[in-house]
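Dear colleague,

Please find below the structure that I am handing over to you.

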Amino acid sequence: MSSNIQKMIVTCALPYSNNSLHLGHMLEHIQADIWVRYQKMQKHKVFFICADDAHGTPIMLQAKKFKKTPEEIIQKIKIEHQKDLSDFHIHYDNYHTTHSKENKKLLILIYRRLKQNGFIKSRIIYQFYDIKENIFLPDRFIKGNCPKCKANNQYGDNCEICGATYNPTDLVNPKSTISNSIPIIKKSKHLFFDLPYFSNMLHTWINSGTLQKEIVNKTKEWIQLGLQEWNISRDSPYFGFKIPNVLNKYFYVWLDAPIGYMGTFQNLCNKKDNIVFDDFWKTNSVHGLYHFIGKDIIYFHTLFWPAILEGSKFRKPTNIFVHGHLMVNGQKMSKSRGTFIKTRDYLQYLDADCLRYYYASKLSSNIKDINFDTENFVKKINTDIVNKIVNLASRNASFIHKYFQGYLSNKILHQELYHIFIYAKKDIENAFHIRETNKVIQKVIFLVNLANQYINQQAPWSISEKKEKNKKLHNICSMGIHLFYIIMIYLKPILPSLANKVETFLNTSLSWENIQKPLLSHKIRPFRILFKRIQINEVNNIFYKK
């Protein structure tokens, strides 16, 4: 365990307030939660925070459709999101919303600093306007033919077929997705953030070890192509925060969303007297700031966000950890194929720890997509957790309770094997730290296989002498429990629910600093079923229900 105790803020990307969480969201939240739990087991001071991204046109339109206020919509979704995350054992130190007084105050402060420093420009632009709905159309509410490859049904900002990016007004045969009408082009004055000014700073920053290699290369490409000024304003009607002293203009949701990290932390500071906001957000802060995000939003986090922070005299992130997307049986998640699964639908059938373990076995520090293979999922959970890990405990605990009143022996029988488990700590710590949880799982399964081989070779069930007084039997089964104990300490960040049951069973806490302290002459409780085998039909009920 590191003797250098650190303080840090850790965030996930903010879920949008217009819909339920799905298993794709959970990939990120689980990855971050595992990393945070490990850091906390190392005694680091971690503030794990997140919030709902509560502004924008979609929420405004959804409220109109259901005859509710946007505030009612976002409050209902926030409660649902928090419940889903909690039931997956993802424990945020604070879960807030971007529609908050803290976020508004920081947003206006940052805007005024940027403006004072000359980084806000204004100019007339031409946009699509829906004359039926009397609304300027965001990029995602216009569809038409790609101006480059002519593919139809493409959004107003980029083509999913050829990858081209363009202005919405370049679309061929545009249509409003709100009213299905043909929009007109209308001019409007907007505010822009001078992103190109920060090109040199960004080039230096992205090469400072902050980003994964693949993300550095992609961000370099964007800088080399030439950064564009960024439109930070939106026309009324819009659900968001009004821009001070500008008529009928609102801040663009992608400006106030990342500032929501700061607003959420400020809200936490307001609740707790011993946390000082400036200690973490001033430019010379030595504390860590870590963002977990998906690869679809790297442009906002590796270019806009650090530039905004630099321009307004706040600190930049220590690291941005990017992960890939979730695939299901080798394909993108799809509602029509029944593979776009809400977290609540999953939780109706299966334990949250199953998904946490499966994701952990796949996740690494790269940005490759993660494939959820339903058959492999069932096999992995039953083989690894039930047949190997939990079985190691049950097969030894039965002897301990039947013949030794629940007490473990007073010695470690095979020191060489025991030390293999203890000395695995360094590799496992390193794998956790660099987010290579797939390597943690590989190492743990290697160890549990060794433990089960040891029990098979020693064959405690075949010892025929009077078992109540047989020291060899006592030592063998106690050894099995000790190896299980070490394995569960390593798995505690990944399997918090199982770890909690194991702590009750073993009558002790699973703490990193106690890995090298065996439970000599220690009383454990009678073994109870710790984990249930899962069936393929349970998984199919989730993924392929009609």
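Asn180 is found in the loop between strand S8 (172–176) and strand S9 (184–193); helices (H or I, at least four residues) and strands (E, at least two) are DSSP runs, numbered from the N terminus. The phi of Asn180 is near 65°, a positive value in a residue other than glycine.

Please note that this is a predicted model, in which local features need pLDDT of at least 70 and side-chain atom pairs count only at pLDDT 80 or more, while totals for chains, interfaces and linings use all residues. Residues are numbered from 1 along each chain as its sequence is written, and side-chain values use heavy atoms, with hydrogens and water left out.

Two further backbone features deserve mention. Asn329 also is not a glycine and has a positive phi, of about 50°. Asn329 lies in the loop between strand S15 (326–328) and strand S16 (331–332), and counts as partly exposed at 30% relative accessibility. The peptide bond from Ser236 to Pro237 is cis, with omega near 0°, and Pro237 belongs to the loop between strand S11 (233–235) and strand S12 (249–251). For context, most residues other than glycine have a negative phi, and most peptide bonds are trans.

Turning to helix packing, the axes of H5 (residues 199–206) and H6 (residues 213–225) come within 10 Å and cross at roughly 165°. Axes are lines fitted to C-alpha atoms, for helices over the stretch in contact, and angles run from 0 to 180 degrees between N-to-C directions. H5 and H6 are therefore roughly antiparallel (angles under 35 degrees count as roughly parallel, over 145 as roughly antiparallel, 65 to 115 as roughly perpendicular and the rest as oblique). Ser199, Leu202, His203 and Ile206 in H5 meet Val216, Thr219, Lys220 and Ile223 in H6, where contact means heavy atoms within 4.5 Å. Thr219 of H6 is buried, with a relative accessible area of 0%. Leaving aside neighbours within four places in sequence, Thr219 is in contact with Ile206, Leu211, Thr302 and Leu303.

Helix H12 (residues 374–404) packs against helix H15 (residues 437–458) at an angle of about 40°, with their axes 10 Å apart. That makes H12 oblique to H15. H12 also pairs with H11 (residues 352–362): their axes come within 10 Å and cross at roughly 100°, so H11 and H12 are roughly perpendicular to each other. Among the residues that meet here are Tyr357 and Tyr358 in H11 and Phe377 and Ile381 in H12.

Phe377 is also listed, with Phe193, Phe265, Trp281 and Tyr346, among the residues with the most contacts inside the largest nonpolar core, which has 172 residues. Such a core is a set of buried Ala, Val, Leu, Ile, Met, Phe, Trp, Tyr and Cys residues joined through side-chain atoms within 4.5 Å. Apart from it lies another core, of 19 residues, including Ile59, Leu61, Ile142 and Cys159.

Lastly, Ile542 is found in helix H18 (residues 536–543) and counts as buried at 2% relative accessibility. The C-alpha atoms of Ile542 and Gln348 are separated by 8.6 Å, although these residues are 194 residues apart along the chain.

With kind regards

Technical notes. Buried means under 20% relative accessible area, exposed over 50%, partly exposed in between (1.4 Å probe, protein chains only).
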